[in-house]
Amino acid sequence: MKYDRIYNFSAGPAMMPESVLEEIRDEMMNYRGSGMCVMEMSHRSKVFEEILHEAEADLRDLMGIPDNYKVLFVQGGGTLQFAMVPMNLMKNGVACYVETGAWSKKAIAEAKKYGDVHVVASSKDRNYTYIPDCSDLDIPDNTDYVYICENETIHGVTWQTLPNTKGHVLVSDQSSMFLSQPCDVSKYGLIWGGVQKNVGPAGMAVVIIREDLLRDDLPSYVPIYMNYKTHADSDSLYNTPNCWAIYCCGKVFQYLKRIGGLEAMHQRNIEKAKVLYDFLDSSKLFKGAVEKEFRSLMNVPFVTGDADLDAKVVAYTKAAGFENLKGHRTVGGLRASIYNAMPKEGVEAMVECLKKFEAENA
């Protein structure tokens with residue numbers, strides 16, 4: 001059966017691969033002979049435990065996750081991780097953050113509730129359009145961790161070189177780039193990603209944490225659910241997890257393996273981002289908002305320079321079947337999020353629409 005589907009450029013919840021959605025549709029009423037939908041089955045059942053363990057095994061295979069790292073499926077999405085990270089990792093009560101956009105800024109504000117936060121570099125001076133030089137940061141010796149948002153969803157900047165943490169633990173919010181390219185997990189102490197960008201439905205984050213960072217000595221104010229060790233010790237089954245999200249993410253992990261893994265996905269992402277950036281660089285009406293060296297392959301903010309004209313573009317593209325090209329409410333302008341599931345054909349079609357708009361509004 002064919003459905004009338006649009007090209008959805010939302011920053012999240014975002015598109016999922018059509019082949020994955022079709023698999024989910026086919027299993028909706030009766031998952032593998034169980035007589036139930038996954039949404040109906042007990043998280044303690046053998047059939048769901050198989051779903052969970054298969055999903056973790058596929059993710060470990062995709063990312064090459066070392067054996068001394070735990071994979072956790074945690075409810076609450078990304079915003080909860082802003083608190084869980086400092087609650088769990090601030091042993092000395094000191095952390096360093098790099099401020100590169102809206103999401104690292106929010107993480108900084110949350111972390112300040114739990115300890116002494118040093119903003120060791122910032123790109124606020126140029127409206128978060130670049131990643132600052134982090135090769136020689138002023139990091140106190142007693143720092144518990146260094147935190148970055150590796151791809152800023154709103155401002156559209158991404159790290160090309162990881163910071164020099166001078167031997168301290170690196171924590172990365174990879175939400176809007178998670179599984180979009182290969183990743184050397186061993187360079188990090190903790191990676192987390194909200195799954196609603198590249199992986200599955202909203203309401204959950206994947207946390208990959210090195211085992212030595214799990215703690216038994218957390219302050220008494222930390223809720224048991226907010227302790228990473230709680231999830232590690234119970235294989236993410238301490239309480240009822242987001243079973244549906246885990247199931248859907250597992251389907252995406254299998255899809256990524258079928259197409260050739262993260263190397264193949266990265267090449268696809270490079271090719272389709274080039275289509276949009278080449279257009280923006282040649283356009284007389286539209287302009288990319290990020291310095292070229294730091295452009296994201298996932299989130300592409302751009303502007304006409306006139307707020308009324310930007311609004312006209314949103315209405316024009318929506319009428320043509322291209323949804324969610326309006327920029328984030330805090331920055332305005334336009335933004336195309338071109339995550340893994342967005343096909344190159346969708347980007348090409350959207351660019352042709354923008355070219356037509358430019359010709360009609362020259």
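**Residues, strands, cores and helices**

Colleague: Leaving aside its neighbours within four places in sequence, with which residues is Asn-8 in contact?

Modeller: Bear in mind throughout that this is a predicted model. Asn-8 is found in strand S1, and, leaving aside neighbours within four places in sequence, the residues in contact with Asn-8 are Pro-13, Met-15, Glu-323, Asn-324 and Met-342.

Colleague: Which side chain does the side chain of Asn-8 meet in a polar contact?

Modeller: Asn-8 has a relative accessibility of 19%, and since buried means under 20%, Asn-8 counts as buried. Its side chain reaches the backbone nitrogen of Ser-10 at 3.0 Å. The polar contact with another side chain, at 2.7 Å, is made with that of Asn-324.

Colleague: Does Thr-158 count as buried or exposed?

Modeller: Thr-158 lies in the loop between S5 and strand S6 (169-173), and its side chain makes a polar contact at 3.2 Å with the side chain of Asn-151. Beyond its neighbours within four places in sequence, the residues in contact with Thr-158 include Ile-131, Met-177 and Phe-294. Because its relative accessibility is 8%, Thr-158 counts as buried.

Colleague: How many Å separate the C-alpha atoms of Ala-289 and Leu-59?

Modeller: Ala-289 is found in the loop between S9 and S10, where, at 34% relative accessibility, Ala-289 counts as partly exposed. If residues up to four places away in sequence are not counted, Ala-289 touches Thr-129, Pro-301 and Phe-302. Leu-59 is 230 residues from Ala-289 along the chain, and the separation of their C-alpha atoms is 33 Å.

Colleague: Which strands stand at the edges of the open sheet, each with a single partner strand?

Modeller: The order of the 3 strands in this open sheet is S9-S10-S12, with antiparallel pairing. Two of these strands each have a single partner, so one side of each is left without a neighbour in the sheet, and these edge strands are S9 (287-288) and S12.

Colleague: Which residue in S12 stands opposite Phe-302?

Modeller: S10 and S12 are joined by 4 bridges and pair in the antiparallel sense. Across this pairing, the residue of S12 that stands opposite Phe-302 is Leu-334.

Colleague: How many of the 7 residues of strand S8 are buried?

Modeller: S8 is joined to strand S2 (residues 69-75) by 7 bridges, and the two run antiparallel, with Met-204 of S8 as the bridge partner of Gln-75. S8 also pairs with strand S7 (residues 190-194), again in the antiparallel sense, over 5 bridges, and here Ile-191 stands opposite Ile-208. S8, which covers residues 204-210, is mostly covered, and among its 7 residues the number buried is 6.

Colleague: Which element supplies the largest share of the largest nonpolar core?

Modeller: The largest nonpolar core has 58 residues, and those that touch the most other members are Leu-59, Met-63, Phe-73, Leu-179, Ile-208 and Phe-253. Elements that each supply at least two residues of this core include helix H2 (46-63), S2, S8 and helix H6 (243-258). The largest share, 11 residues, comes from H6.

Colleague: How many residues of H6 are buried?

Modeller: The 16 residues of H6 should span 22 Å at 1.5 Å a residue, and this agrees with the 23 Å between its end C-alpha atoms. Just after H6, Gly-260 takes a positive phi of about 115 degrees. H6 itself is mostly covered, and of its 16 residues the number buried is 14.

Notes: Residues numbered from 1 in each chain as written. Predicted model: local features only at pLDDT ≥ 70, side-chain atom pairs only at ≥ 80, totals over all residues. Heavy atoms only, no water. Buried < 20%, exposed > 50% of the residue type's maximum accessible area, 1.4 Å probe, protein only. Pairing = 2+ DSSP bridges. Core = buried A, V, L, I, M, F, W, Y, C linked by side-chain atoms within 4.5 Å. Expected span 1.5 Å × (residues − 1). Polar contact = N/O pair within 3.5 Å; in protein donor to acceptor, adjacent residues only side chain to side chain. Contact = heavy atoms within 4.5 Å.
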